[in-house]
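Please open the model in your viewer and keep the sequence panel beside it.

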Amino acid sequence: MTTYIFVLLFIIIVLLVAILLRRPTVDISALREDNARLRERLAERLGALSQNAIELKNISGDIANFKNILMGNKQARGTFGERQLEDLVRDIMPPETYAFQSVLNTGVRPDCVIRLPYPPGDMIIDSKFPLESYNRMMLDANDGMARKQFELDVRKHIDAIGEKYIIPGQTAESAMMFIASESIFETLHREFPATIEYAARRRVFIVSPSTLWATLNTIRAVLSDIKIKRVAAQIKKELDMLLTDLMRLNDRAVNVSRHFAQAQTDIDQLQTSISKIAPRAEKLRDMDFGEE
């Protein structure tokens, strides 16, 4: 029995050794390569995360700067509105059809002048806006005094644009007030329709970046049409003058042809006379005058 147990244990030990010998050996170099590739991927991921963090920081700075523009001093906001207006106009209008900060005969200096033939005349665009009143109103939506002051300030600005930039005989009969924010533009139309109507009565059109884009494209199309008509009129004038010259040339050609025909008749008659004179001369030569 004991021998049987020892034999059984020996067989089990042999089987265990065989199993251990059959286990795959560990490739240390492959593990090192895998670790190296893993470290490289981790480094790439960390680099991408660092770059994203930098970009987020820059975006946060841009947002803070934009907030400072909107909520900060009046001069910074004015510069922002003027720059946006200039970019829109330069992107759409031909260079000869606009001017920035040009002085009118009255001494005022508008932000932008769209050059149009008279009538209607130059169209003025103003980029200023009473943003302080708007910000105070937005801080407390239930503040009725802030809403009333905002509407009053907008109307005052509309009056100022109408008085300074609508000049009979020099500018168009209307002007534009540019608002650099679509949300403020939408708020005005939604909550202050009476102010929009007031601006229309004063012939001051309130425009946002999107509506100004559409307006400027329409103006450019009109200017192109005017230019085409002007060129067409000039072409017609030149054609009329050309036809007049052609008719005059035709009359002169007829006269020359008539002169040539008369000259040919005279030549024919001259030849006829010569043909008659020649025989007579021959006869005279042949006559005997009794000379010895």
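Which residues in α5 meet which residues in α7? Select both helices: Glu-151, Val-154, Arg-155, Ile-158 and Asp-159 in α5 meet Ala-194, Thr-195, Tyr-198 and Ala-199 in α7, where contact means heavy atoms within 4.5 Å. By class, this contact has 5 nonpolar, 1 polar and 3 charged residues (Ala, Val, Leu, Ile, Met, Phe, Trp, Tyr, Cys and Pro count as nonpolar, Asp, Glu, Lys and Arg as charged, and the others, Gly among them, as polar).

A word on the source before going on. This is a predicted model, in which local features need pLDDT of at least 70 and side-chain atom pairs count only at pLDDT 80 or more, while totals for chains, interfaces and linings use all residues. Residues are numbered from 1 along each chain as its sequence is written, and side-chain values use heavy atoms, with hydrogens and water left out.

Now view the two axes together. Helix α5 (residues 144–165) and helix α7 (residues 193–201) pack at an angle of about 10°, with their axes 10 Å apart (axes are lines fitted to C-alpha atoms, for helices over the stretch in contact, and angles run from 0 to 180 degrees between N-to-C directions). That makes α5 roughly parallel to α7, a term for angles under 35 degrees.

Stay on α7 and colour Thr-195, Ile-196, Tyr-198 and Ala-199, which are buried, that is, under 20% relative accessible area with a 1.4 Å probe, protein chains only. Seen down the axis of α7, its buried residues fall within an arc of 160°, so they line one face of the helix; the arc is that of the directions from the helix axis to the C-beta atoms. Their cover includes α5, α6 (182–191) and β5 (204–207). After α7 comes Arg-203, with a positive phi near 60°.

Next, select Phe-129, Phe-150, Ile-158, Met-177, Leu-188 and Ile-206, which touch the most other members of the largest nonpolar core, a set of 28 residues (buried Ala, Val, Leu, Ile, Met, Phe, Trp, Tyr and Cys joined through side-chain atoms within 4.5 Å). The largest share of this core, 6 residues, comes from α5. Apart from it lies another core, of 20 residues, among them Val-89, Ile-125, Leu-212 and Ile-219.

Finally, zoom out to the chain, which has 8 helices and 5 strands (DSSP runs of H or I, at least four residues, and of E, at least two). Of its 292 residues, 25% count as buried.

Notes
Parallel < 35°, antiparallel > 145°, perpendicular 65-115°, else oblique. Buried < 20%, exposed > 50% of the residue type's maximum accessible area, 1.4 Å probe, protein only.
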